[in-house]
Amino acid sequence: MRKYVEECRREWKRLGVPAVIADEMASDLDADLAEAEAEGIPAAGVLGGADPNQLAAAWARERGLISEPRLRKTSRTRLSVVAPAVGLVVLGALLGIGGFAILAKPTASPSSVQPVHGPPPRLVRVPNLIGLQLCHAQYVAHAHGFQLVVRVRQSFCRGNVVTHQRPTANALVPRHWPMALRARLDPVRVPNLVGKSEGAAENILDPLGLMVRHWPNLPLQVRRHMRLSDRRIVGQNPQPGTMLQPPHAVTLWLSPAKS
Amino acid sequence: MQGMASESRRSQMLRGVLDLCLLAVVVDEPAYGYEMTRRLRERGLSTVGEGSIYPLLGRLEREGLVATHREASDGGPPRKYYSASPSGRRALDEGVRAWRHVRGEVDSVLATIEAEVAG
């Protein structure tokens, strides 16, 4: 990971951004910088003139991961306080291991919250989300005042049931406290996609929670320019009938250009 | 020195409309962070000033003006894609109208000054 990104990550840690969200932002930034570098675009073309601390703080603040008073307080005094409110983090689409997905991991317990400024935080009772489908769990959490920072796609979260949650049901936590969910992701059988269009294949794979990887993997603009989406699938990996753990991807090979 | 002042002014001007530009490049098709930068560049906006798009994307996400999802990438981690939500589309329509209105007003004032100076 680039030094710039590492510095951002350190700043997020200092500001109390939960590690799972900091990792997500760092990963996005690192991938973007790598892509820019591969195209010969200097980092300044992506980052402007912002130094890592400025960027990290501004990004976290604008996402609502840290509050203004906390930002000012920590900037001046370097107090080690736990960031407020990050919300419900659902990363099931990212981590699928052994039939389960670790969806998020809170970085602090409610007891570690320290008062910062203003009135005490409003406490909310954690709803019981175990046994609910992931889509429904997101909805319930939202209705209870948790901000959804990362959502899984509707078509994917349908059918996947929440098996663990933290904090546990009925705990009292500050509004927007980070919540971790774990859901069961059963393997699915890969369908036969040969002969179908790219769009049709996506429509089939999406409800199964499987992602699409194209070959050749070209930028969207190039793909549109070459009208790759008009072509038919001539091959796929894994083969039809293989059991695959969501959210793994199926690689599609497209037919050559029509002359 | 004049170049720096000019760049600073450009940054300030962009600050008020960059959110609209970001919404405009994901209104038809989702894009991840760098792809949005690339689309801005392809449409003529080569640099986005002194900051970067990420904090602004964070705000658009927090305000529900963009929806996000993750998709696989080739060999790397899944990328976070942004697309304009229905309220984002409405905000874009309103913002574009406001921008054109302000631009017209400013152009009128600046044109007058130019005429006076030229006269």
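This is a short chat about a predicted model with chains A and B.

Trainee: Where do I start? Which residues touch the most other members of the largest nonpolar core?
Mentor: A:Trp12, A:Val17, A:Ala60, B:Leu22 and B:Val26 do. That core has 41 residues.

Trainee: Which elements give two or more residues to this core?
Mentor: From chain A, helix 1 (3–15), helix 2 (19–38), helix 3 (44–47) and helix 4 (52–62). From chain B, helix 2 (18–25), helix 3 (33–42), helix 4 (53–62) and strand 2 (79–84).

Trainee: And which one gives the largest share?
Mentor: Helix 2 of chain A, with seven residues.

Trainee: Back to A:Ala60. What does A:Ala60 touch?
Mentor: Leaving out residues up to four places away in sequence, A:Ala60 touches A:Trp12, A:Leu15, A:Val17, A:Leu65 and A:Ile66. There is also a second, separate core of 12 residues. A:Val190, A:Ala201, A:Ile233 and A:Leu252 are among them.

Trainee: New topic: the two chains. How many residues are in contact?
Mentor: 28 residues of chain A meet 28 residues of chain B.

Trainee: Which parts of chain A supply at least two residues to that side?
Mentor: Helix 2, helix 3, helix 4 and strand 9 (211–215). Helix 2 of chain A gives the most, seven residues.

Trainee: How do the residues on that side of chain A divide?
Mentor: Into 15 nonpolar, six polar and seven charged.

Trainee: Now chain B. At what angle do helix 3 and helix 4 of chain B pack?
Mentor: About 110 degrees, with their axes 11 Å apart. Angles from 65 to 115 degrees count as roughly perpendicular, so helix 3 of chain B is roughly perpendicular to helix 4 of chain B.

Trainee: Is that crossing left-handed or right-handed?
Mentor: The crossing of helix 3 and helix 4 of chain B is right-handed.

Trainee: Which residues meet there?
Mentor: B:Gly33, B:Met36 and B:Thr37 come from helix 3 of chain B. They meet B:Ile53, B:Tyr54 and B:Leu57 of helix 4. The residues of this contact divide into four nonpolar, two polar and no charged.

Trainee: What about the backbone? Where is A:Pro238?
Mentor: In the loop between strand 10 (233–237) and strand 11 (243–244) of chain A. The peptide bond from A:Asn237 to A:Pro238 is cis, with omega near 5 degrees.

Trainee: And A:Asn170, what is its phi?
Mentor: Positive, about 80 degrees, although A:Asn170 is not a glycine. A:Asn170 sits in the loop between strand 5 (162–166) and strand 6 (172–174) of chain A.

Trainee: Is A:Asn170 buried or exposed?
Mentor: Exposed, because A:Asn170 has 9 other C-beta atoms within 10 Å.

Terms used:
Residues numbered from 1 in each chain as written. Chains lettered and ligands numbered in written order. Predicted model: local features only at pLDDT ≥ 70, side-chain atom pairs only at ≥ 80, totals over all residues. Core = buried A, V, L, I, M, F, W, Y, C linked by C-beta atoms within 7 Å. Buried ≥ 20, exposed ≤ 12 C-beta atoms within 10 Å, placed from the backbone. Helix = DSSP H or I, 4+ residues; strand = E, 2+ residues; numbered from the N terminus. Contact = placed C-beta atoms within 7 Å. Nonpolar A, V, L, I, M, F, W, Y, C, P; charged D, E, K, R; others polar. Axes fitted to C-alpha atoms, helices over the stretch in contact; angles between N-to-C directions. Parallel < 35°, antiparallel > 145°, perpendicular 65-115°, else oblique. Left-handed = near helix turned anticlockwise from the far one by under 90°.
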